[in-house]
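The sequence and the structure come first, and a description in running text follows.

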Amino acid sequence: WDMEAGILGGRSFTLNQIEHGHLRREWAEPCFHACIVCASLSCPDLRAEAYVPAKLREQLDDQMRRYLSNPTKGLKVSSPKGGSGGGGAAVQISRIFLWFERDFLVADASLQDYVLRYVDEETKANISEAAGGGVVRWDYFVYNWNMNRSD
């Protein structure tokens, strides 16, 4: 991410400069974190189509929903030990939400509010059911930096 990735307007850029120096600074758009990926196993999956201006908002929202629907790296709901209900629940989310929490708080009052905006009703119900009236503990996946590849 720190090697030259290309030249734009006669100036060379790294991927880090593009992501952090331009995209994150110019646009307060947290969904970029589900779209710009380094290809590690814990990164969001690459989109099968190019991002285009005419449907960019729809694509950004869809990409965040897809990421959070992946229980291996986006969001996972766990019931407390001994079954569901009564003792709270754990929700694990990507470390991307920890590392870039300020970006997500631009859009919502809390990180949980932001995440819940992008999960389906079934997932929201699973979180509520797993909590069983107890506290929902939010935690983060261990980030797997191994390269994602197709075999």
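A residue is called buried when its relative accessible area is under 20%, exposed when that area is over 50%, and partly exposed in between. Because its relative accessibility is 32%, Lys55 counts as partly exposed. The model described here is a predicted one.

**Overall architecture**

The protein contains six helices and five strands. Followed along the sequence, these elements give the pattern β-β-α-α-β-β-α-α-α-α-β. The C-alpha trace spans about 60 × 35 × 25 Å along its principal axes. Of the 151 residues in the protein, 36% are buried. Among contacts with a separation of 6 or more, 61% are between residues 24 or more positions apart.

**Salt bridges**

Side chains of opposite charge can pair when their charged atoms come close. The structure holds ten salt bridges, and the table presents some of them.

| Salt bridge | Distance between the closest N and O atoms |
|---|---|
| Glu49 and Lys55 | 3.3 Å |
| Arg66 and Asp62 | 2.7 Å |
| Lys124 and Glu121 | 3.4 Å |

Glu49, the partner of Lys55, is partly exposed because its relative accessibility is 32%. Arg66 and Asp62 belong to helix 2 and are four residues apart, so about one helical turn separates them. Lys124 and Glu121 both lie in helix 6, which covers residues 121–131. These two residues are three residues apart, about one turn of the helix. Lys124 has a relative accessibility of 30% and therefore counts as partly exposed, whereas Glu121 is exposed, with a relative accessible area of 56%.

**Asp61 in helix 2**

Helix 2, which comprises residues 56–68, also includes Asp61. Is Asp61 buried or exposed? Its relative accessibility is 17%, so Asp61 counts as buried. Apart from neighbours within four places in sequence, Asp61 is in contact with Cys31 and Tyr118. With Tyr118 there is a polar contact between the two side chains, at 3.0 Å.

**Cysteines**

How many disulfides does the structure hold? The count is zero. Cys35, for instance, is in no disulfide, and the nearest cysteine sulfur, belonging to Cys31, is 6.4 Å away.

**A nonpolar surface patch**

Leu98, Trp99 and Trp145 make a nonpolar surface patch of about 330 Å². Trp145 lies in the segment after strand 5, the strand formed by residues 136–140. With a relative accessible area of 53%, Trp145 is exposed.

Methods. Residues are numbered from 1 along each chain as its sequence is written. This is a predicted model: local features need pLDDT of at least 70, side-chain atom pairs count only at pLDDT 80 or more; totals for chains, interfaces and linings use all residues. Side-chain values use heavy atoms; hydrogens and water are left out. Buried means under 20% relative accessible area, exposed over 50%, partly exposed in between (1.4 Å probe, protein chains only). A polar contact is a pair of N or O atoms within 3.5 Å; within protein, one must be able to donate a hydrogen and the other to accept it, and residues adjacent in sequence count only if both atoms are side-chain atoms. Contact means heavy atoms within 4.5 Å. Patches are made of residues with over 30% relative accessible area and no salt bridge: like charges are joined within 9 Å, nonpolar side chains (Val, Leu, Ile, Met, Phe, Trp, Tyr) within 5 Å. Accessible areas come from the Shrake-Rupley method with a 1.4 Å probe; for residues, only the protein chains shown count as cover. A salt bridge is a side-chain nitrogen of Lys or Arg within 4 Å of a carboxyl oxygen of Asp or Glu. A disulfide is a pair of cysteine sulfur atoms within 2.5 Å.
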